[in-house]
Amino acid sequence: MFDHAADAERLVRCFDPDASLVEGASEHLIISPRWGRIRRSHTLLATSPSSLGTGPVWLTARQNLLTCRDRSIQLAIATYHYRVRMTARFPIDTLRDPNFDLHRHCHALLDRCGHEKCAAIIRREAFWIRSLTPDPDGLAQFECGNTFLVAITPSAIMAEAKTLIGGER
């Protein structure tokens with residue numbers, strides 16, 4: 001079973017490793033210093049009623065991050081995105097097996113590649129897969145891909161902060 005809230009938390013933490021979950025009596029908050037610096041406004045990225053648990057606040061933070069119309073946020077995400085595209089080959093018998101799920105298998109291959117780069121998938125629904133002509137050995141070939149957000153390094157965050165502070169003068 002895929003955990004969308006954990007995936008959302010990974011994405012937010014790739015954008016800002018200093019993002020924090022604040023659990024209050026009535027609501028949970030996601031505070032992101034990087035979000036506040038880039039937008040030159042409050043650091044509050046998301047809020048959710050505490051009765052719903054922590055999952056919804058991470059999902060809200062992910063949604064707020066990805067749908068933000070602020071050009072600086074869009075540029076920050078575009079700067080650190082990483083496109084993964086790969087080819088997978090399978091014997092025809094594997095594809096005929098009712099227990100084999102090509103979609104899930106290709107997602108797992110892409111996720112593994114993203115995890116190697118300490119990246120988080122940006123939009124799981126943007127996953128694509130297409131069939132290719134069989135390889136010379138007769139194996140069925142598929143190409144799949146998606147886009148990941150690579151975790152920003154502390155040194156890159158410091159350089160970015162200096163640029164943002166210098167731009168305000």
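Analyst: Here we go through some labels and the values behind them, keeping in mind that this is a predicted model.

User: Good. What is the overall make-up of the protein chain?

Analyst: The protein chain has seven helices and seven strands. Along the sequence they follow the pattern α-β-β-α-β-α-α-β-α-α-β-β-β-α. The C-alpha trace spans about 60 × 40 × 25 Å along its principal axes. Of the 169 residues, 40% count as buried.

User: Let me try one residue. Why is Asp7 called buried?

Analyst: Buried means under 20% relative accessible area. Asp7 has a relative accessibility of 6%, so Asp7 counts as buried. Asp7 sits in helix α1, which covers residues 4–15.

User: And what makes Ala8 buried?

Analyst: The reasoning uses that cut-off again, under 20%. Ala8 has 0% relative accessibility and therefore counts as buried. Ala8 also lies in helix α1.

User: Which residues does each of them touch, leaving aside those up to four places away in sequence?

Analyst: A contact needs heavy atoms within 4.5 Å. With those sequence neighbours left out, Asp7 touches Phe2, Ile121 and Arg124, while Ala8 is in contact with Trp58, Leu59 and Arg62. Here is a separation to look at in the viewer: Ala8 and Val57 are 49 residues apart in sequence, with 9.3 Å between their C-alpha atoms.

User: How do you know what share of the contacts in the protein chain join residues at least 24 apart?

Analyst: The count takes contacts between residues at least 6 apart in sequence, and 60% of these join residues at least 24 apart.

User: What makes β1 and β2 a pair?

Analyst: Two strands pair if there are at least two bridges between them. Strand β1 (residues 20–23) and strand β2 (residues 27–31) have four bridges, so they meet that requirement, and their sense is antiparallel. One example is Ser20, whose bridge partner in β2 is Ile31.

User: Why is one space called a cavity and another a pocket?

Analyst: In a cavity a 1.4 Å probe fits but cannot get out, whereas a pocket is an open set of points, so the way out decides the name. The search of the whole structure finds one cavity of 30 Å³ or more. The largest cavity holds about 40 Å³ of space, and the largest pocket about 160 Å³.

User: Which residues line the largest cavity?

Analyst: Its lining consists of Asp7, Arg10, Asp111, His115, Ala119, Ala120, Ile121, Arg124 and Phe148. The elements giving two or more residues to this lining are α1, α6 (102–116) and β5 (119–121). The largest share, three residues, comes from β5.

User: How do you know the class of the residues in that lining?

Analyst: Asp, Glu, Lys and Arg count as charged, and Ala, Ile and Phe are among those that count as nonpolar. By class, the lining of the largest cavity has four nonpolar, one polar and four charged residues.

User: And what lines the largest pocket?

Analyst: The residues there are Phe2, Asp101, His103, Arg104, His107, Ala108, Asp111 and Arg124. By class, this lining has two nonpolar, two polar and four charged residues.

How values were computed:
Residues numbered from 1 in each chain as written. Predicted model: local features only at pLDDT ≥ 70, side-chain atom pairs only at ≥ 80, totals over all residues. Heavy atoms only, no water. Buried < 20%, exposed > 50% of the residue type's maximum accessible area, 1.4 Å probe, protein only. 1 Å grid on protein atoms, 1.4 Å probe; cavity = no way out; pocket = protein on both sides within 12 Å on 5 of 7 lines; lining within 4 Å. Points joined across faces, edges and corners; volume = space filled by probe spheres on them.
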